[in-house]
Amino acid sequence: MASFKQKEIDEFYMKIAIDLANIGTSTTSPNPKVGCVIVRDGKIIGQGSHLIFGEAHAEVNALINAKNDIKNSTVYITLEPCSHQGKTPACAKMLIEKNVSRVVVGMIDPNPMVNTQGLKMLQKKGIDVTTGILEKECRWLNRGFLRSIKLKRPWVTIKVAMSIDGKIALSDGSSKWITTATSRQKVHILRSENDAILTGVGTILADNPELTVRLVQGNSPIKVIIDRELKTPLEANIFKEGKILIFTSKKAPIKKIKQFKSRGVCIEIIDSSPENQIKLILNKLCEYGINYLLVEAGAKITSAFLSAKLVDEVSLFISPKFMGKGLSFTEHLLISDMSQSIRLKEVEYHNIGEDILLEGVLECSPEL
């Protein structure tokens with residue numbers, strides 16, 4: 001077991017590796033985000049991140065940064081190095097060939113193709129291996145990857161802009177703008193951190209959103225629409241740019257399906273009971289390589305996700321104004337007993353200009 005001082009040193013470098021891993025946010029899915037730091041004689045001689053799916057892993061980029069001179073070094077990696085040849089070479093084998101003396105890992109890779117095999121390869125060659133350094137932080141870093149591997153669905157975050165009395169629209173449906181421009185900028189940051197953004201045809205018809213990242217730098221997520229009868233207009237703003245995936249049903253007109261497909265839109269037909277529909281959609285999104293899903297939808301879809309207990313996190317942008325009689329974002333969420341109330345944990349509050357951002361994880365969200 002590492003001494004207390006050694007543990008402090010290991011955590012110091014692992015924090016740097018976690019920061020490096022976050023550089024790959026929104027560009028590495030369905031792969032995990034990974035950071036790597038190479039240390040020798042108390043100095044960082046190389047560091048790298050996994051930046052883009054299908055390209056070099058963090059260990060390889062750190063090696064390049066170190067100019068290949070990593071003999072007798074300690075390598076800090078947020079995730080267990082891979083042990084198999086995939087789109088890129090096996091990183092565990094590379095570390096062995098470079099004669100590193102120690103490897104410190106944040107978390108074991110849950111992928112069945114790896115799952116301790118990389119660590120065993122290193123140990124068989126006499127390399128000292130330490131695991132579990134800042135494991136909780138490393139698992140949070142890759143919560144979407146863990147959901148994908150274990151539950152075959154993305155990490156789901158619901159975003160809501162609402163008044164202080166919980167309304168997302170007035171009685172006539174009008175809702176622009178409840179929160180401030182500062183909050184809207186933060187929403188665009190949130191979008192850039194997710195692989196896909198989901199809404200319903202009701203939101204498309206009412207607000208005609210673009211669902212892109214415009215107010216900050218970052219990649220726009222894939223746009224996902226639930227539209228059982230394909231009522232989405234062909235001239236809707238969502239078609240201005242980006243990839244689009246529409247979940248519809250057998251009720252959708254064949255002619256319109258062909259029109260959408262001719263414009264490069266992916267169409268998935270989902271016919272199931274309402275209680276199973278959300279789960280099937282999430283399973284299908286996982287097949288598309290989506291690890292992180294942001295739900296920006298109306299009351300029906302938001303309530304459906306909550307009712308199905310398929311939400312992991314919420315980001316509630318709360319404006320200091322009262323809207324009176326109007327529409328609540330949980331309008332269709334039926335709870336018959338206080339014991340069924342949906343609670344949040346790990347709640348954080350942030351001032352966003354005049355607004356408040358409340359973020360929390362749902363207690364019913366499975367442990368990572």
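Predicted model: local features only at pLDDT ≥ 70, side-chain atom pairs only at ≥ 80, totals over all residues.
Trainee: How big is the second largest pocket, in volume?

Mentor: The second largest pocket has a volume of about 850 Å³, and of the 30 residues that line this pocket, Trp140, Arg143, Trp155, Glu313 and Val361 are the closest to its centre.

Trainee: Which elements give two or more residues to that lining?

Mentor: On the helix side they are α5 (135–141), α6 (143–151) and α7, while the strands are β6 (155–163), β13 (313–319), β15 (344–352) and β16 (355–362).

Trainee: And which one gives the largest share?

Mentor: That is α5, which supplies five residues to the lining of the second largest pocket.

Trainee: How does the lining divide into nonpolar, polar and charged?

Mentor: The lining of the second largest pocket has 14 charged residues, nine nonpolar ones and seven polar ones.

Trainee: Switching topic, where is serine 192?

Mentor: Serine 192 lies in helix α7, which covers residues 181–192.

Trainee: Why does serine 192 count as buried?

Mentor: Serine 192 counts as buried because its relative accessibility is 12%, and the cut-off for buried is under 20%.

Trainee: What does serine 192 touch?

Mentor: Leaving aside residues up to four places away in sequence, serine 192 touches Ser26, Val213, Gly218 and Asn219.

Trainee: Last one: which residues of helix α11 are buried?

Mentor: In α11, which runs over residues 299–307, the buried residues are Ala299, Ile301, Thr302, Ser303, Phe305 and Leu306.

Trainee: What about lysine 309, is its phi positive or negative?

Mentor: Lysine 309, which follows α11, has a positive phi, near 55 degrees.

Technical notes: Residues numbered from 1 in each chain as written. Heavy atoms only, no water. Buried < 20%, exposed > 50% of the residue type's maximum accessible area, 1.4 Å probe, protein only. Helix = DSSP H or I, 4+ residues; strand = E, 2+ residues; numbered from the N terminus. Contact = heavy atoms within 4.5 Å. 1 Å grid on protein atoms, 1.4 Å probe; cavity = no way out; pocket = protein on both sides within 12 Å on 5 of 7 lines; lining within 4 Å. Points joined across faces, edges and corners; volume = space filled by probe spheres on them. Nonpolar A, V, L, I, M, F, W, Y, C, P; charged D, E, K, R; others polar.
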